[in-house]
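User: Can you walk me through this structure? I'd like to start with what counts as a contact.

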Amino acid sequence: MDGLALLFAATLNAGTVLGFAGLGLLLNERAGIVNLGAEGIMLVAAIAGFAATVHSGNDWVGLSAGVAAGGFLAGIFGVLVIWLNTNQFATGLALSLFGAGVSAFLGIQYVQEKLPERMQWTVPWLSDLPWLGAAVFRQHPLVYGAIALAFALTWWFDHSRSGLILRAVGDAPASAHALGFPVRWIRFAAVIAGGALCGLAGAYLSIVYTPLWVEGMVAGKGWIALALTTFASWRPGRILLGAYVFGGVTMLQFYLQGEGIEVPIQFLSMMPYLATILVLVIISRNAAWVRSHMPASLGEPFTPGA
Amino acid sequence: MISTSKRSIVRLVSVSALAAIAALGGCGKKEEPKPAAAPAPVAAEAPKPEPLKIAFAYIGPVGDGGWTFAHDNGRKAVEKEFGDKVVTSFVEKVPESADAERVMRDLASQGNKLIFGTTFGYMEPMLKVAADLKDVKFEHATGYKQAENLRTYDSRTYEGAYMAGVIAGKMTKTNTIGVVGSIPIPEVIRNINSFTLGAQSVNPKIKTKVVWVFEWFNPPKETEAAQSLINGGADVLMQNTDSPAVLQTAGKNKKFAFGWDSDMTAYSPEAHLASAVINWGPYYVKATRDALEGKWTGNSAVWWGVKEDAIDIVSISDKVPAETKESIEKIKTGLKDGSFSIWKGPILGQDGKEVLKKDEVADDKFMSSINFYVKGVEGKIPTGK
Amino acid sequence: MLRLEARPQPSSIMTILSPVLALVMTIGIGFFFFLVLGKDPLRGLQLFLIEPIKNGAALGELSIKATPLLLIALGLAICYRANVWNIGAEGQFVLGALGGGWVALHAGADLAWMGRGIVLAILVAGVLSGMFWAGIPALLRDRFSANEVLVSLMLVYIAELLLSYLVFGPWKDPMGYNFPQTITFPAVARIPRLIEGLRANIGLLIAGFVVIGCWVFQFRTFRGFQLLVAGLAPAAARYAGFSSRAALWTPLLLSGGLAGLAGALEVAGPVGQLTPYIPVGYGFAAIIVAYVGRLHPVGIVFAAVLMSMFYIGGELAQSRLGLPKSLTGVFQGLLLFTLLGCDTLIHYRIRRSLRIQRMASPPLGATGAP
């Protein structure tokens, strides 16, 4: 039983990276923008955060640096895609490629660096509970932060004026524009905020999860986060759940190996992707359902007065 | 559809671009390969012989703190030993794909006469290039195919694993030790077995758990693998992967682990018990000397260990009791003078049957094709099925 | 104060000039990079731009790199013009490698009667496998309106995992000491070389034919015309009776087949076996090639050569100048960024204006100043 509790805990930790990235991309997509550059943003944020932590000795400084780097790169993406109306897919891809190269380049002198000794975070009193204590309450504060963020975003999208405006911008930009909302600025803000969250995810990876810098360490999590938004049909709570599922698959593999259960690991690893396709098929079949859930203008450029 | 006038614009633009590039080409034409480091040759009366150009191809970055880092240290040892008689250079992160062949050819075309390929995956590319360029000598690490101008070399990492096992057996409190395995090739299985044998020699109750990441280098995955071993009860970890992630995860969980390939003490001083390192220096110096003195011959395979100073276990922590440190020294001496063999019977397989009879010593052939777990190791070797 | 003003119609000169301008900007930034890194910038640029094309051997290597990029990008261009967003070319490449590899693995015993003809079988298998993999997003969009971007992207991961499973398991070389790789394909199954001593193989010739074929298809056949219209004005296409279903399947199957062909060529050509390292990112780099090439076969040829020069130049910069390999990715990304930026000039002019003007037209119902 204890093994399962520890598996649960590891899954929570692993899913947090994907969770932050997924929520960031959700912000983008709810405003109608697809950012294929998530991987590049996470990589640059990972090295920025790592370097900042090495130099300052403080985790939170590093995490903030990651957030800033993510927002900055997303800003460049936003300028190109929103103001210059470049193709979203191509621009995002360029960002991914560029981010991979730049992060590897900047990270060269940090490859052998190590961070100050990591501390074990525990929630006082709650972490001593049987089973639950080990499973849930011995995590880094940001793990709980991700959960809180998911709740907050759910409320924000459904019940706040600004959240509804964002959704309007994503669903019907022309109408929103006609109503007097500065559609492009709103999208820009969403892109930057989303990029900042992706940056947080990247920095969490290199500072908390695997306190090392290695080039390419994001290893595709940015692309998985993209799948997450669809898998979760654009709802924050489901994004987090999906993040735990996707993140937990690797831990599940190792757990099964340890228990001596023989499953070809590649098929286990395929599960999240197959599941995403399945979900996509299911939700897309019903056009009306899609219309009410997927931001209608996803991927399309917007020019006022066009 | 492109009309004729646009066509001519395309042509005009591309021609002028090419012209510009050609002009550029005229400038930087000099072929001056930059050596990694070379002391300036002192002006002498008699003309000095041309320094031997040596090149190294690495699979990973020199800063990986593990496998490639160890190779690069070997390269530096060659520079130190031979000074201005050699000029060394390296290319890092050469993938085990079609690119490897191009890099090898390019290194040869640069005038390098001795080329080291430091990972198994370069085997086929090196064979191809060696067949075409007979005047260049090739050295392939961990491979098994040779040629007239290509020979292979390897290190007895299992000796380091055994000694780590001795320490692990002493330091474990749960009697469960863990290994993060990379790819289930004989070398890695041999290391897992040797780790177990070493631990069993001081603590017969030991059990070894293994998880496989199916890659040589993937720190986040190695972290997760290590965590799952710890979750499963292991309190001393070893690895066959190339990064310090396993050691760091052990540190985070207040368990113990070892450094692998290079000295990894700095990554987690609290968790670090010792590092099983590979010294490629002695072999690289010998290979260079062979080449310089004209004694180099291909078609051979070399397997060096503690005896030749290629393997060592270093930076043994003060947490390890003095008597264990002494027995490690005794083992090293025994390996050096040949009086001690790790793979000496009786050794039992997982099923309890003897794979080596009492006092029978395994030969190199036996050891290079080990595809079974010894008793004490849990689980099955993944066959990928 | 500068502002962007929409052009009445897209500038045709800028369409050609934009990639050139982007390249010049990238080279300029590269120059600056080299300076900052303390290396001779002229030497650096020479490594990227001259060395890869300076002699026969270099051109041979260039062709090995450029052929897959070219093939994949040609297919992608047709897709993108038809507004079908195939992002999964990398996965189709892997499937092509698997299909071609499977045939090659049987070359020794079962298919010995084919002799050299087996090469054709390998290539056909590659094309069919790639088509199959691209057919999945086509089917899912056709039947379920599932977005092809995500489906094709997910299929990339699944394809890579499938490759991993096969080379670690059923297809592993039994004499290979348990290393994850298949046997080296027998000589009869290897793609014939063009010239002795060079690695350039007939893939280059095939690519040449495909370039011509694509140009003819896109600009000289009715079906190609239908695809163009479907991409530019879907409503008009439907009104004219052009099947939107065909406008989905044709580009996907075509690009999947071409990506699969590239995969089979790679695996039976320079690599000669199946390993887990077959996917090297050509499928994604080809997206950039397609764009830099303006989605036109002729442009794509230039773009493929350029990208290959960046790849090889990056390698050379590493071994000759000690520069890090990551520079290649930086330059490639930069090229695309600058291209996308310069592309704006196709649709917009830069104008000076004395007053700061809002680009957005005033919202309906507003009565006065902003």
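Predicted model: local features only at pLDDT ≥ 70, side-chain atom pairs only at ≥ 80, totals over all residues.

User: OK, then what does Ala73(C) touch, leaving out residues up to four places away in sequence?

Analyst: Ala73(C) touches Ala286(C), Val289(C), Ala290(C) and Gly293(C), and also Ile300(C), Ala303(C) and Ala304(C).

User: Which residues have the most contacts inside the largest nonpolar core?

Analyst: Ala73(C) is one of them, along with Ile72(C), Val289(C) and Tyr204(A). That core has 341 residues.

User: And which element gives the largest share of this core?

Analyst: Helix 9 of chain A, residues 183-209. It supplies 17 residues.

User: Let's stay with chain A. How many helices and strands does it have?

Analyst: Chain A has 13 helices and zero strands. Read along the sequence, the pattern is α-α-α-α-α-α-α-α-α-α-α-α-α.

User: What box do its C-alpha atoms fill?

Analyst: Roughly 60 × 45 × 40 Å for chain A, taken along the principal axes.

User: How much of chain A is buried?

Analyst: Buried residues make up 58% of its 306 residues. Also, take the contacts in chain A with a separation of 6 or more: 78% of them join residues 24 or more positions apart.

User: Now the contact between chains A and C. How many residues does each chain give?

Analyst: Chain C gives 41 residues and chain A gives 39. On the chain C side, helix 5 (118-144), helix 6 (148-168), helix 11 (282-292) and helix 13 (327-347) each give two or more residues. Helix 13 of chain C has the largest share, 13 residues.

User: What classes of residue are on that side?

Analyst: The side of chain C that touches chain A has 28 nonpolar, twelve polar and one charged residues.

User: Switching to chain B. Which domains does it have?

Analyst: The domain assignment gives domain 1 (52-155 + 281-307) and domain 2 (158-277 + 343-368). Their C-alpha centres lie 28 Å apart.

User: How many residues of each are in contact?

Analyst: Ten residues of domain 1 of chain B are in contact with eleven of domain 2. On the domain 1 side, helix 2 of chain B (residues 67-82) gives the largest share, three residues. By class, that side has five nonpolar, four polar and one charged residues.

Note on methods: Residues numbered from 1 in each chain as written. Chains lettered and ligands numbered in written order. Core = buried A, V, L, I, M, F, W, Y, C linked by C-beta atoms within 7 Å. Buried ≥ 20, exposed ≤ 12 C-beta atoms within 10 Å, placed from the backbone. Helix = DSSP H or I, 4+ residues; strand = E, 2+ residues; numbered from the N terminus. Contact = placed C-beta atoms within 7 Å. Nonpolar A, V, L, I, M, F, W, Y, C, P; charged D, E, K, R; others polar. Domains from an automatic or database assignment.
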